[in-house]
Amino acid sequence: MSLHLGDTAPDFEADTTEGRINFHDWIGDGWAVLFSHPADFTPVCTTELGETARLKDEFAKRQCKVIAVSVDSVEDHKAWSGDIEETQGHAVNFPIIGDENRKVAQLYDMLHPGEDDSSTVRSVFLIDPNKKVRMTLTYPKSAGRNFDEILRALDSIRLTAKHQVATPAQWKQGEDVIITPAISDEDARQRFGEFEQVLPYLRKTKAPTA
Ligand code: BEZ
């Protein structure tokens with residue numbers, strides 16, 4: 001069954017490279033990114049996990065934990081981690097779920113029949129502190145993901161969870177935001193002070209900081 005935005009992220013228990021976890025307990029009070037990779041000891045996945053390790057502090061700044069999953073064993077994940085550190089310059093610093101029985105892959109619909117084997121596609125689930133799914137991405141095995149985009153989307157989703165704003169195309173943290181159409185001009189003035197009226201339905205203001 002595929003998951004939709006706003007659904008509760010399925011909970012599970014699993015063995016990881018950092019011990020056994022209950023997923024919701026592991027998430028705790030913050031945000032989480034659960035992402036799948038097709039297989040250990042493969043080239044694109046090696047670069048992806050190295051990049052995620054490099055960005056650990058960026059995720060931590062945003063109160064977001066990261067966890068990876070593939071249908072390989074925890075032993076394989078541990079053995080592969082040496083290659084990642086050696087070639088990507090960053091040791092894996094987040095747990096990797098061993099999902100040999102495909103329990104997590106099935107719960108999150110990460111196995112796509114068109115992808116011609118039983119390994120997972122490159123899925124990403126962004127989960128909020130209430131354990132709701134707030135963003136999903138699905139890439140084919142051949143396309144390594146842009147983890148800066150995941151951070152950018154996390155910034156947008158965290159901001160818009162707190163304030164009645166939306167973010168435009170290519171937006172980055174600190175740039176102006178869009179006032180959502182549901183807010184009247186008068187209300188907008190009270191909430192945000194000055195705003196730029198580009199069109200009656202496109203109003204821009206400084207990003208709220210608090
Ligand atoms: C890779 O990570 O390079 C990869 C894994 C599975 C299929 C294709 C590529």
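**View 1. The residues that line the largest pocket fall into seven nonpolar, four polar and five charged.** In this predicted model, the lining is made up of 16 residues, and those lying nearest the centre of the pocket are Asp155, Arg158, Leu159, Gln173 and Thr209. The space within the largest pocket amounts to about 330 Å³. Helix H6, which spans residues 147–162, supplies the largest share of the lining, namely five residues.

**View 2. The largest pocket is shown here in relation to the two domains, between which it lies.** The protein chain is divided into domain 1, covering 13–144, and domain 2, covering 163–205, and the centres of these domains, taken over C-alpha atoms, are separated by 35 Å. Because domain 1 and domain 2 both give residues to the lining, the largest pocket is placed between them.

**View 3. Strand S3, residues 31–36, is mostly covered, with six of its six residues buried.** Trp31, Val33 and Phe35 point one way from the strand, whereas Ala32, Leu34 and Ser36 point the other way, and the residues of both sets are all buried.

**View 4. Strand S3 pairs in the parallel sense with strand S4 and in the antiparallel sense with strand S6.** The pairing with S4, residues 64–70, runs over six bridges, while that with S6, residues 122–127, runs over four bridges. Phe35, which is buried, can be followed into both pairings: Ala68 stands opposite this residue in S4, and Val124 is its bridge partner in S6.

Notes:
Residues are numbered from 1 along each chain as its sequence is written. This is a predicted model: local features need pLDDT of at least 70, side-chain atom pairs count only at pLDDT 80 or more; totals for chains, interfaces and linings use all residues. Side-chain values use heavy atoms; hydrogens and water are left out. Domain bounds come from an automatic or database domain assignment. On a 1 Å grid over the protein atoms alone, a cavity is a set of points where a 1.4 Å probe fits but cannot get out, and a pocket is an open set with protein on both sides within 12 Å along at least five of seven lines; lining residues have an atom within 4 Å of a point. Grid points are joined across faces, edges and corners, and a volume is the space filled by probe spheres set on the points. Helices (H or I, at least four residues) and strands (E, at least two) are DSSP runs, numbered from the N terminus. Ala, Val, Leu, Ile, Met, Phe, Trp, Tyr, Cys and Pro count as nonpolar, Asp, Glu, Lys and Arg as charged, and the others, Gly among them, as polar. Buried means under 20% relative accessible area, exposed over 50%, partly exposed in between (1.4 Å probe, protein chains only). Two strands pair if DSSP finds at least two bridges between them.
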